[in-house]
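Hi,

Here is the structure I said I would pass on. Have a look at it first, and my notes follow below.

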Amino acid sequence: MAPGVSRRARRRARGAPPAGARARSAEDWWWDRLAPSGSGYHLLQSDSMLLVLPGPGPSRARAHRRVARRSQRLPPLGARAAATKAGPRPAPAPAPAPPQAPDPGWGDRIPLEILLRIFGLLVAVDGSMPFLGRAARVCRRWHEAASQPALWHTVTLSPPLAGRPTKGGAKAGGAKAEEKLLASLECLMPSRFSQLQKLTLIHWKSQVHSVLKLVSESCPRLTFLKLSDCHGVTPDTLIMLARACPQLHSLDIQHSMVESTAVVSFLEEVGPRMRKLWLTYSSQTTAILGALLGSCCPQLQVLEVSSGINPNSNPLQLPVEALQKGCPQLQVLRLLNLMWLPKPSGRVGTPGPGFPNLEELCLAGPTCSFVSDEALGRLLRGSPNLRLLDLRGCARITPAGLCDLPCQELQQLHLGLYGMSDRPTLAKEGSPLLTHKWCHTLRELDLSGQGFSEKDLEQALAVFSGTPGHSHAALCSLNLRGTRVTPSTVSSVISSCPGLLYLNLESCRCLPRGLKRAYRGPEEVRWCLEQLLTSTPSPS
């Protein structure tokens with residue numbers, strides 16, 4: 001063989017791939033670069049683009065299979081001769097098994113009962129929407145599970161463009177969004193809302209009647225309806241809903257523009273099955289309360305009247321005795337953030353029947369409240385089962401008036417005063433009367449802003465260290481913000497109440513610097529106790 005030929009053969013042998021190696025083309029290089037083996041992605045080549053898609057891909061093209069077969073052929077003659085001179089090679093180590101790609105069908109193999117239970121837990125936390133709508137797009141099995149009416153028991157519907165500026169104006173954009181959502185509801189409600197129990201509509205301005213008409217046709221088990229910032233609710237709409245839903249017993253129309261005639265007609269139609277009612281105080285509230293006073297809803301259990309964003313300056317005059325006769329089963333009464341003025345009981349002064357089942361009374365509002373000891377006594381006459389009493393902002397209430405109340409098992413007492421400028425008129429003593437009466441049941445106590453003296457607070461809080469039977473006090477929340485409590489008193493309370501989880505000491509002038517803050521959790525409360533025991537007694 002000529003020397004030139006032998007040199008070319010050696011060069012080809014040196015440049016040839018090793019035995020068993022695959023010849024790599026430019027297309028193979030891009031394949032391994034963009035979708036390596038085991039990454040969970042594959043390539044799909046179309047006429048004008050190359051797509052990287054998730055999941056294991058289909059079998060490779062025929063051209064790639066031909067290239068793979070060519071790479072398995074024997075190397076050229078020069079490469080085999082060089083391999084023979086080098087001697088026998090050791091057996092190659094077995095290649096590691098490629099990582100298994102994720103199974104695309106695992107969702108289909110989960111039993112439907114298990115999926116329903118998992119979806120039910122998620123719906124209980126986050127609600128039906130938008131989770132069920134998104135889960136229905138995963139696979140057929142998930143779509144079947146997400147379509148079960150048992151999961152659609154609580155739904156909140158709000159147009160997607162509510163409150164957002166649009167090119168055609170807020171009203172035009174909101175109306176189009178409501179029409180689009182209404183078209184979707186016409187398909188969903190007959191198949192999925194048959195077991196709907198609680199419905200909330202938010203920011204509906206023009207299609208409220210159409211939505212409630214669909215509800216009346218498809219939701220016979222509806223029990224609760226909330227309309228928040230909704231307009232255009234007519235008497236015919238609510239009456240139609242009350243007749244079509246025989247289990248409907250709760251209505252929340254706070255912050256919505258609903259005519260009083262519509263609400264009164266609804267209450268008269270629902271009648272004895274009405275249990276809960278939430279209202280926003282306005283000039284039309286008097287007519288609604290008049291229907292309640294006339295025994296329109298004798299089984300009413302929850303009544304809440306609160307002020308809107310712009311509080312009404314006109315006080316709410318409420319005849320206490322008439323309300324006790326019209327709603328004798330009332331358990332929760334809340335008159336929030338409004339000026340409440342009880343009407344005089346009349347010349348005869350006959351006491352009312354009271355609320356024998358009342359468990360919660362909330363009169364929290366501005367500091368210019370007209371609630372006095374006499375009005376509070378009229379409200380809570382014959383209410384021995386009261387558990388929560390919220391009188392924040394009621395500066396005219398005295399400890400002596402609270403001590404005369406008939407309730408003996410009070411658990412939460414809120415007497416905080418916020419934003420008071422006339423502090424000299426506050427009572428300086430009397431707090432021991434409160435703790436002596438309810439020390440064995442009290443779990444939450446709020447005395448923020450009260451003007452009790454240091455000695456008076458010391459005597460009041462010392463009661464928790466000497467509970468009957470040498471048992472630990474049940475107190476778990478104590479708010480002393482802005483009071484004259486001393487370090488020794490706070491240390492005694494923390495030591496006597498191991499279950500204390502919240503302690504507010506903000507703006508307490510008699511405490512050292514660095515400790516005037518709120519403490520949340522047992523660790524922070526114990527840290528406060530350690531700092532009080534090691535700090536100097538001189539306040540700052």
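**Aromatic contacts**

Phe-119, Phe-131 and Trp-142 come together as one aromatic cluster. Before you go further, please keep in mind that this is a predicted model.

In total, the structure has five aromatic pairs. One of them is Trp-152 with Phe-193, a tilted pair with 5.6 Å from centre to centre and 35° between the planes. This pair ties together distant parts of the chain, 41 residues apart: Trp-152 is in the loop between α8 (140-146) and β3 (154-157), while Phe-193 is in the loop between α9 (170-192) and β4 (198-202). Trp-152 counts as buried because its relative accessible area is 1%, under the 20% cut-off. Phe-193 is buried too, with a relative accessible area of 1%.

Another pair to click on is Phe-224 with Trp-278, which is edge-to-face, at 5.9 Å centre to centre and with 85° between the planes. Here as well the pair links distant parts of the chain, with Phe-224 in strand β5 (residues 224-228) and Trp-278 in strand β7 (residues 276-280), 54 residues apart. Both Phe-224 and Trp-278 are buried.

**The core and α12**

In soluble globular proteins, nonpolar side chains tend to be buried together. In this model, the largest nonpolar core has 123 residues, and Trp-340 and Leu-389 have the most contacts inside it. Helix α12 (residues 260-270) is the element that gives the most to this core, with six residues.

What does Leu-389 touch, leaving aside residues up to four places away in sequence? Its contacts include a set of leucines, Leu-361, Leu-376, Leu-380, Leu-402, Leu-405, Leu-410 and Leu-413, along with Gln-412 and His-414.

Back to α12: its buried residues include Val-263, Val-264, Phe-266, Leu-267 and Val-270, and Ser-260 and Ala-262 are buried as well. The buried residues of this helix pack against α11 (235-244), β6 (250-252), β7 and α13 (285-293).

Ile-114, Ile-118 and Leu-122 make a nonpolar surface patch of about 230 Å². Ile-114 belongs to helix α6 (residues 112-126). Why is Ile-114 called partly exposed? Its relative accessibility is 44%, and partly exposed covers values between the 20% limit for buried and the 50% limit for exposed.

Cheers

How values were computed
Residues numbered from 1 in each chain as written. Predicted model: local features only at pLDDT ≥ 70, side-chain atom pairs only at ≥ 80, totals over all residues. Heavy atoms only, no water. Patch = residues over 30% accessible without salt bridge, like charges linked within 9 Å, V, L, I, M, F, W, Y side chains within 5 Å. Areas by Shrake-Rupley, 256 points an atom, 1.4 Å probe, with all protein chains shown as cover. Salt bridge = Lys/Arg side-chain N within 4 Å of Asp/Glu carboxyl O. Helix = DSSP H or I, 4+ residues; strand = E, 2+ residues; numbered from the N terminus. Buried < 20%, exposed > 50% of the residue type's maximum accessible area, 1.4 Å probe, protein only. Phe/Tyr/Trp six-rings, centres within 6.5 Å; stacked < 30°, edge-to-face > 60°. Core = buried A, V, L, I, M, F, W, Y, C linked by side-chain atoms within 4.5 Å. Contact = heavy atoms within 4.5 Å.
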